[in-house]
Every structure is written in C-alpha cells, then in structure tokens.
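Student: I have a model open and would like to learn how to read it. Can we walk through it together?

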Number of protein chains: 2
Amino acid sequence: MSGTGTHGNAIPITPVGRGTAKGALRTQLQTACSACNLHELCMPGGLSAEEVSKLDSLVAARRRVKKGEALFRAGDAFDALYAVRLGFFKTRVTAEDGRDQVTGFQMPGELLGLDGIATERHSVDAVALEDSEVCTIAYSDLERLSQEFVPLQHQFHKVMSREIVRENGVMMLLGSMRAEERLATFLLNLANRFRSRGYSQAEFVLRMTREEIGSYLGLKLETVSRCFSRFADEGLLAVNNKSVRILDLDKLKAVVGDCRPGI
Amino acid sequence: MSGTGTHGNAIPITPVGRGTAKGALRTQLQTACSACNLHELCMPGGLSAEEVSKLDSLVAARRRVKKGEALFRAGDAFDALYAVRLGFFKTRVTAEDGRDQVTGFQMPGELLGLDGIATERHSVDAVALEDSEVCTIAYSDLERLSQEFVPLQHQFHKVMSREIVRENGVMMLLGSMRAEERLATFLLNLANRFRSRGYSQAEFVLRMTREEIGSYLGLKLETVSRCFSRFADEGLLAVNNKSVRILDLDKLKAVVGDCRPGI
DNA sequence: CGCGCTGTTGAAACTTGTCAAAGTTTGTGG
DNA sequence: CCACAAACTTTGACAAGTTTCAACAGCGCG
C-alpha cells in the first residue's frame, strides 16, 4: 500500500504544466472524482464509492488558472462551483473605497464559489497564487443531482456549513487575538491542512506574500514580518522567506492559548 | 390595506408574553409561514404563495426563549434550524481559553443554527437578548421536503450562501476598519434591517450591551462607548443609553468610506 | 545585470486597551 | 412601591500594541 518510495497519494504542490509524461498520465486518469485522490477532502466527502461515481457526471470541465489570474471576480455571474485540484488560491472582498480583505486561502480539495449562490453573482475575487487547476461543477447540475440523490444534498449542506463555521473561527481570530496569536493560529491551521493532504505538517512553503497573510489576519505586512522574526528568534520556527519549518509545535500551540491558561 | 392606524404588518419589538388578548390572537393566527408577516425575510423568501404553504408542514413547533437563556449551546446535538419570530438573539463562539466572540445578532425573520449542519453538533451558543420566540424547523424534514421540492432547496442554499457573504463582510470590518468605521457600519446595518421590518431606520433601541457590541466589532466596551460619545458630540447620533437616533445619516455613511475617498 | 517586488528592521506616532472611579439603569425582594 | 444590589455605561489617565514612515537588503524576472 504505502512505503513504495513514491509520493503515494500525495499530489505534488509544485506548479503544474511542465509537460512531463507523468503529468499527462495523471491528468488522463483522474478526470473522475472516483479516481481522484482528493475525494476524501473534497465534495465527495462521506459518500460511498458507488455514490461518488454518480458525482463524476457533475465534474464536467477542468480549468487551468495561471498564477495571478482570477478564477472569477466579484460581480461575475455565478453558475458554477470550483474544486481546487492543484495549486493555491486566495479569495478577497473589495470595499467601495478600494480596501480589500483576504477572506480565505484554498488548497487542493477545497471548494470555491459558494459566495455566488446568494445573489447569483460572485461577491469575492478568487485569484490563483500559483499555477493552478480546478474542477468545474455546474451549479444547476449539482442542484438537479442533489435533488434525486439524498447523500449528495446532505454532503453539500455540510460543506456550506463548514464554511460558515470556519468563518466564525476567523471572526474569533480577528476580533479577539493579538498579532502573535493570529499568526500562530494561521500557521497551525496551514500545518493541519498540509498534513491532511499527505505533506509534512512541519515544513512547508507559503504561497502567499506577507501582505496577503496580513490582510487575512487583519495586520500590516510589517507586523507579520516582525512576528515571523520573533518566532524565529524564540526557536519556534525556522523562516527563510516563504519557506517555514515548525521547530517547536508545542510552543507554537502555547502561543495561541496563553492568555488565560487556567480558566 | 394600510394606514389604519395600527402597526399594520410591523411586529412590535417589545417583549412578548404580557398576556394581552391581542397577543393571544396573533399567536393563533400565525402558526403558518403563509400567514406570517415575516415570510418575505425568512426562509420562504422567493417562494410563491402555493410553495410557501408547503413549508407550513415543516414549521412544527414554536418555542419561547427567555432573555438570557440559550436556544442551543455549542456542543449540543444539532437537529433543527430556528427562525426568529419575535425578539433578538446573539450567537457567540467560545475559545478553549474562555475568550468569546459574538459572531452575529439575529432579529425576526433570520435563521439560527446553520453552524450545526457541518458536524451535527452546534459550534456556537445562541442566546436570547430579550424574551423571544422561534419557529423550529426539523432539519430532517427540511432535507426531505427540499428533496421533492426544488425551489425550497434553492432557497435554502441561498440562505446559507447569504450567511457566508455576511461573514465575509464582517471579516472586512474586523480586518481593516478602525473603531469608528466599525461602529458606523454596524449601526447602518442595524438601521437597514430595522427598515426592512417596517421599523424606523433612524431611531431604534439596541438590545445588546456595549460589551456585546464590542465583542462583535472586535473592540473593548470602553472603546464602543467612546465612539458613541464622539458620534453624539459630532451631531451624528443622539444616544441615550440603549436608544439611538440617527441624526445625520449621510455623515454616518461618510464615516465608513472616508479612508480613500478618491481611489 | 538591473529593476521591481518582497521582506526586514528601526523609530516615532497613533489607536486602542487597561485600570480605575463614579454615575446610571435595571432587576429583585421586602 | 421603595430600597438595595447588581449590571451597565461613561469618562479620564496611562500603558501597550500596532501602524506608519523610512531605509535597506534580497530575490526573481525580464
């Protein structure tokens, strides 16, 4: 099963499209959810193998998005959801006065576009942070299929609810944590998500700039940079530009919950 | 139709249950969504009259929640959604270390409990800020009915998506606004929601304390109090404890978007 | 190879938080 | 219905945390 020396079911997170034979093979094999090694993390979630195969009909098109390009923009008509297959995205909202706020970072297996259902127009921009690839799920198809297919409907509701819960967590972070706690929380969250995908939880490369991290965490980029430096000084992290290695996971966790250790 | 001198289709926002004959009559008449004057704002949303009548079967029980009591708590098993019928709620998340964060305020016509779908346990507390009343919608019934009833499914998805979009807005507020902007945004949002319900948008009574406002806005209660005082000094508001009157709507709006008027 | 974007660091300014005290309102029980 | 206690609000003075401004270093892309 495992230990063959290959990456097993881990998807390389490096930019796609370098045109290797192996890449071409993978693309061909994994057109279907049932063959996708992300299906545990993605929409198929708790569905049975048989049920997942029904999903395959939904995922019509694949789409590549180059680094810096938008998958969709606020104001665009909504007609599909997107599952990140490869790469890394950010979503952001822009206020009338031009300020913008990063509202999330999405990695393989995560869904984009849920914001569009409310008004049938997107309310955020989804921008690729590296060359990426998504599965397109036409929303009308999803609605139709989940009509006749109870577990899919249930699963979809869970995905939306999970997003609501995630945002509650971000509100807690933004509303009542200090800079170091915010960054530590963010790094621990990233580490967990990498781990779920079969990557090292201790060592990873950030796809976003300090400014994007700062926007997400409600901080200025200088503050983010200073916090990284402080964590490095204290031996919690080894930071080299965008690559981060967690040296002391326990201490990093302690940064988060240090305010009222007793209560 | 209107202009009879009564409140028409406006629901009095004062505490319920004083046992007047009129109150008893209303309770009896409005057990059904089709007879509820909130149906424009609530789940029935864009549904036709005929469609709404199908909803009635869903709304089995009504439930009263006294001021200060919880409709549900984080960790409780999830089995129903609740539509606020009368009164006012807050939702809050609590961190392991005891800190808590208000994640929303819900008024009549708004839904509570969407957080519970993800894990089948609630992840927030929902607490009544005044004596309140909710319609209980069993989630299993909702799933079943929306299975055979497309517009309901669609409407429910919209409600969830709307909540995601709302939370994006709160992230913007918490992540990149200053104290005065946050409070102004909050007041304008309240004003709009009161207006949609047929109340004055210029004059209303806050159901929550300064501390709860502060928690929602990521500020300390003293900061909230100072901002109120400053708005009053500048002639934007008349503030008397919990009652607020907006004196200069345009200036209040200007507070929000004053950072980069040009760009 | 150089220009621009990204990241780091320092010092000063500013916003918000903390602590403290006093006033006000609300709720409860006699 | 009044009195008292608890909860809430306001305000001031001061402290702390974060932002702002500025300068410079490093890396990557053209």
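Student: Which element gives the most to the surface near DNA strand D?

Tutor: That is α7(B), with six residues. Helices (H or I, at least four residues) and strands (E, at least two) are DSSP runs, numbered from the N terminus. A residue is near a molecule or strand if its C-beta atom, placed from the backbone, lies within 6 Å of it. Before going on, a word on the source: this is a predicted model, where local features need pLDDT of at least 70, side-chain atom pairs count only at pLDDT 80 or more, and totals for chains, interfaces and linings use all residues. Residues are numbered from 1 along each chain as its sequence is written, and chains are lettered from A and ligands numbered from 1 in the order in which they are written.

Student: Which residues are the closest to DNA strand D?

Tutor: A:Ala179, A:Thr223, B:Thr209, B:Ser225 and B:Ser229, out of 19 residues that surround DNA strand D.

Student: And which residues come nearest to DNA strand C?

Tutor: There you find A:Thr209, A:Ser225, A:Ser229, B:Arg178 and B:Thr223, among 19 residues around DNA strand C. The largest share of that surface, six residues, comes from α7(A). At least two residues each come from α6 (210–217) and α7 (221–233) of chain A and from α7 (221–233) of chain B.

Student: How do the residues of the surface near DNA strand C divide by class?

Tutor: Into five nonpolar, six polar and eight charged. Here Ala, Val, Leu, Ile, Met, Phe, Trp, Tyr, Cys and Pro count as nonpolar, Asp, Glu, Lys and Arg as charged, and the others, Gly among them, as polar.

Student: How should I read the relation between chain A and chain B?

Tutor: Two copies of a chain are related by a rotation about an axis and a shift along it.

Student: How many residues does the contact take from each chain?

Tutor: 41 from chain A and 41 from chain B, where contact means C-beta atoms, placed from the backbone, within 7 Å. On the side of chain A that touches chain B, α4(A) gives the most, with 19 residues. 100% of the interface residues of chain A are also interface residues in chain B, so the copies meet through the same surface.

How values were computed:
Two residues are in contact if their C-beta atoms, placed from the backbone, lie within 7 Å.
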